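Trainee: Before we begin, could you take me through the reasons behind the labels, setting each value against its rule?

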Amino acid sequence: MNTKDIIESGVLESYLLGLSSREEEEQVKQLIQSEAQIGTYLIDLENTVQTYFTASAVPPPPETRDIIELRVGNGEIRKPKHVFNRDKQDHQSQYLEIEVNDTHIKVHKYWRPAFIAVFILSKIFLIAGLYYYFKSANQQEEINRLKTEIRP
């Protein structure tokens, strides 16, 4: 494959986003070392993707930082064991391990009345079904009793 085919194939994009397999990663690493054009294209692509994601990023609510700091202080969240260096720069990315001990399912507020209505309707249909089942069973017994009375 020539350089243009490699760039158009989408392998570099999947490598950049972390979606490639190990074999593809090894191939891309070898290509970066062997061809400078692919390395510069990958750097430009990374800058473009980073600019796009930074521009379309939505900041978290301000209360989130306070909640995380409280959980770190209480020992619910452990500090990271590993600090990663990316591209041998001074800035370090740190990840916090978060464990959630919530046992409740959180549902959007508009779905809650729908779930309640479905639950109530299911109970109504269950009661109605049982009522008509037993009523038909009693009528069948009554029909059988009347048939035996009519026959001499």
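Mentor: What follows is a set of questions about labels and the rules behind them.

Mentor: This is a predicted model, in which local features need pLDDT of at least 70 and side-chain atom pairs count only at pLDDT 80 or more, while totals for chains, interfaces and linings use all residues. Residues are numbered from 1 along each chain as its sequence is written, and side-chain values use heavy atoms, with hydrogens and water left out.

Trainee: What makes up the secondary structure of the protein chain?

Mentor: The protein chain has six helices and two strands, where helices (H or I, at least four residues) and strands (E, at least two) are DSSP runs numbered from the N terminus. From the N terminus on, the elements run α-α-α-α-α-β-β-α.

Trainee: Why does S14 count as buried?

Mentor: The relative accessibility of S14 is 18%, and buried means under 20% relative accessible area, with exposed over 50% and partly exposed in between (1.4 Å probe, protein chains only), so S14 counts as buried. S14 lies in helix α2, residues 11-17, and, not counting residues up to four places away in sequence, S14 touches L19, S20 and E24, a contact being heavy atoms within 4.5 Å. Across the protein chain, buried residues make up 9% of the 152 residues.

Trainee: Which residues make up the largest nonpolar core?

Mentor: The six residues are I6, I7, L12, V28, I38 and L42, and the term stands for a set of buried Ala, Val, Leu, Ile, Met, Phe, Trp, Tyr and Cys residues joined through side-chain atoms within 4.5 Å. The elements giving two or more residues to this core are α1 (3-9) and α4 (36-55). Leaving aside neighbours within four places in sequence, L42 is in contact with L12, Y15, L16 and I32.

Trainee: Why is I120 called partly exposed?

Mentor: I120, found in helix α6 (residues 111-150), has a relative accessible area of 45%, and is therefore partly exposed, since that value falls between the two cut-offs already given.

Trainee: What makes the pair of Y131 and Y132 edge-to-face?

Mentor: Rings of Phe, Tyr and Trp (its six-membered ring) pair if their centres lie within 6.5 Å, with planes under 30 degrees apart counted as stacked, over 60 as edge-to-face and the rest as tilted. The count by this rule is four aromatic pairs. Y131 and Y132 are 5.1 Å apart centre to centre, with 70° between the planes, so they form an edge-to-face pair. Y131, at 49% relative accessibility, counts as partly exposed, whereas Y132, at 54%, is exposed.
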